[in-house]
Amino acid sequence: MEEKIKQLRIEHITKRFPGILATDDVSLTVDEGEILALVGENGAGKTTLMNILMGIYQQDEGRIYINGKEVRFRGPEDAFKAGLGMVHQQYMLVPDMTVTENVALGYQAAWKPFHLDLDMVRKKVIEVSEHYSLAVNPDAYIWQLTVGEQQRVELVKTLCLGAKFLILDEPTSALTPQETDELVSLLKRMKSELSIIFISHKLNEVKALCDKVAILRHGALVFSGNTADYSSNDIAALMTGHEIVLPENKEVWAGGELALSVKNINVRSDRGFLALEDFSLDIFQGEIVGLAGVSGNGQRELAEAVNGLREVESGTIEFFGTDLANKKPYYVIEHGMGYIPEERNIEGIVPSFAIRENFILKDSDKDRFSRHRFLKKKEISRNADTLRQSFDIRTPDTVTAAGSLSGGNIQKVILAREITRAPKFLIAVYPTRGLDMGAIEFIHQELLKKRREGIGILLISEELDEIMNLCDRIAVIYKGKIQKVLSHKEANRRRLGILMAGLDDGSGEEA
Ligand SMILES: Nc1ncnc2c1ncn2[C@@H]1O[C@H](COP(=O)(O)OP(=O)(O)OP(=O)(O)O)[C@@H](O)[C@H]1O
Ligand SMILES: [Mg+2]
């Protein structure tokens with residue numbers, strides 16, 4: 001195998017996309033055994049810089065050195081060969097293939113002249129997963145795995161390909177808090193053997209894991225230093241240039257009619273078990289109800305069942321008196337449902353469509369945007385400019401394909417569309433995943449504004465601070481059932497944590 005990576009150095013890297021300087025003269029060094037945090041607002045250029053390191057994009061200017069020698073990567077294969085490996089923000093696994101088969105896709109040594117040596121790959125998967133205590137089942141299909149398990153598969157895959165230098169692009173944004181803790185301690189153990197660049201919007205993780213921190217703003221490196229010398233607040237201030245104060249829901253509920261009434265529904269998961277069992281929940285206009293729980297306890301299935309994306313075996317979903325159970329998504333949208341889905345790149349946008357088209361996906365036949373089946377281009381463009389400005393979507397123009405936006409900005413496109421198309425009710429599933437802190441502040445304000453306008457909101461989240469700051473009532477879900485419903489006043493971290501783990505919080509009365 002190749003020599004160790006004792007030092008990775010980039011000098012004066014610049015990359016332009018049409019209308020935008022994505023990376024602006026960045027120089028950085030990472031030494032052996034070091035973990036560097038790369039942080040910055042959505043669209044700051046983190047992913048782009050890493051894609052350049054991996055040979056996915058070519059820089060316009062600048063050089064990359066490994067152990068003092070200049071390297072030029074024409075594609076990711078060259079970067080793999082040099083010992084670099086990246087786990088992408090968007091997982092790149094093939095759902096219909098097993099773990100072993102997915103690893104085999106990139107595993108050159110297994111591609112023999114007339115056959116693919118899957119046994120060899122399988123052994124390697126087991127060897128690597130044992131070496132790093134990364135539990136994965138080599139024979140499981142990707143579609144059977146939770147997000148946390150898929151994350152481990154991505155890591156195993158990267159390590160099987162011989163990575164000595166790991167780049168992790170927001171590896172924790174879709175993990176449960178427990179999975180995040182596990183990953184952080186795993187990476188700490190790995191650091192004796194590897195160097196790591198770790199991208200995250202969560203500064204507590206950065207503090208817990210990383211030796212150094214580098215901050216990008218508008219593509220340029222604006223700060224780098226030792227993590228130990230700065231508090232999370234210091235780093236946040238350096239990153240955004242202003243202090244972030246998350247708003248809180250302090251007003252009493254003004255009253256409102258029953259909006260969504262889910263009664264005794266049974267819904268199955270993709271894997272066939274009952275993800276929701278005899279599940280019931282009522283939400284009224286003008287209140288935010290948080291559904292707290294460790295992800296994988298039925299949250300996704302609830303959101304999909306209500307939005308016509310999953311079969312309901314029994315029970316009813318009354319929405320202002322109309323039963324939505326087993327209705328088509330279009331029917332649900334027509335009845336005034338707003339929906340911010342979990343899988344933003346699959347369910348939320350059409351990546352190849354322009355940003356401005358993605359804004360009107362659900363309203364293209366409305367009088368405002370079309371007439372006799374002809375689209376009103378001016379109005380569509382005006383709408384897009386307004387949304388881009390108010391949601392601070394970082395893009396040079398709105399005719400760009402939505403798929404080329406940064407991860408956080410894609411999320412903002414969906415949020416902007418769903419919040420402003422004036423729904424009668426809103427279901428928000430992990431709405432702030434992958435957003436920078438300034439964007440989280442803004443989205444929280446928007447949700448509270450909707451509430452004040454009298455709209456009911458179901459907020460599905462794992463972030464306890466988010467739930468406690470915003471919600472009038474908090475329903476805790478565990479294994480497809482409501483464990484208990486608490487009022488804003490009754491809720492605290494400890495109590496929610498206990499209920500989310502499926503335990504009795506000792507207060508006697510049941511939900
Ligand atoms: N293929 C592309 N074509 C055009 N523009 C692009 C492309 N890839 C990235 N960009 C632009 O480059 C800028 C930096 O994006 P990048 O994905 O690197 O941000 P990021 O820091 O990773 O943000 P996030 O935290 O949201 O993931 C953005 O303005 C983005 O729209
Ligand atoms: Mg990114």
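Analyst: Two strands count as paired if DSSP finds at least two bridges between them. Strands (E, at least two residues) and helices (H or I, at least four) are DSSP runs numbered from the N terminus. The model is predicted, so local features need pLDDT of at least 70 and side-chain atom pairs pLDDT 80 or more, while totals for chains, interfaces and linings use all residues. Residues are numbered from 1 along each chain as its sequence is written, chains are lettered from A and ligands numbered from 1 in the order written, and side-chain values use heavy atoms, without hydrogens and water.

User: In which sense do β6 and β7 pair, and over how many bridges?

Analyst: Strands of a sheet pair through backbone hydrogen bonds, either parallel or antiparallel. β6 and β7 (residues 165-169) are parallel, with four bridges.

User: What is the strand order of the open sheet, and which strands are at its edges?

Analyst: The sheet has six strands in the order β6-β7-β8-β3-β9-β10, and its pairing is mixed. From one strand to the next the twist averages 15 degrees, with axes fitted as lines to C-alpha atoms (for helices over the stretch in contact) and angles running from 0 to 180 degrees between N-to-C directions.

User: How do β9 and β10 pair?

Analyst: β9 (residues 212-217) and β10 are antiparallel over six bridges. Lys212 has Asn226 as its bridge partner in β10. The two strands form a hairpin with two residues between them, and His218 there has a positive phi near 45 degrees. His218 is not a glycine. Its relative accessible area is 52%, so His218 is exposed; the classes are buried (under 20%), exposed (over 50%) and partly exposed in between, with a 1.4 Å probe and protein chains only.

User: Which residue is in the turn of the β21 and β22 hairpin with a positive phi?

Analyst: Lys479, at about 45 degrees, in a turn with two residues between the strands. β21 and β22 (residues 481-487) run antiparallel, joined by six bridges, and Ala475 has Val485 as its partner in β22. β21 (residues 473-478) also pairs in the parallel sense with β13 (residues 288-292), over four bridges. In that pairing, Val289 has Arg473 as its partner in β21.

User: Where is Phe320 found, and what is its phi?

Analyst: Phe320 is in the loop between β14 (314-319) and β15 (322-323). Its phi is positive, about 50 degrees, although Phe320 is not a glycine. With a relative accessible area of 22%, Phe320 is partly exposed.

User: Which residues coordinate the magnesium ion?

Analyst: Donors are N, O and S atoms within 2.8 Å of the metal (3.2 Å for Na, K and Ca); water is not among the atoms, so sites may look incomplete. Magnesium (ligand 2) is coordinated by Thr47 (OG1) and Gln89 (OE1), at 2.0 to 2.4 Å. Thr47 lies in helix α1 (residues 46-53) and Gln89 in the loop between β6 and α3 (99-106), so the pair ties together parts that are 42 residues apart in sequence.

User: How many residues of α1 are buried?

Analyst: Seven of its eight residues are buried, so α1 is mostly covered. Among the buried residues are Lys46, Thr48 and Leu49. Thr47 is partly exposed, with a relative accessible area of 26%. Gly55, which follows α1, has a positive phi near 75 degrees.
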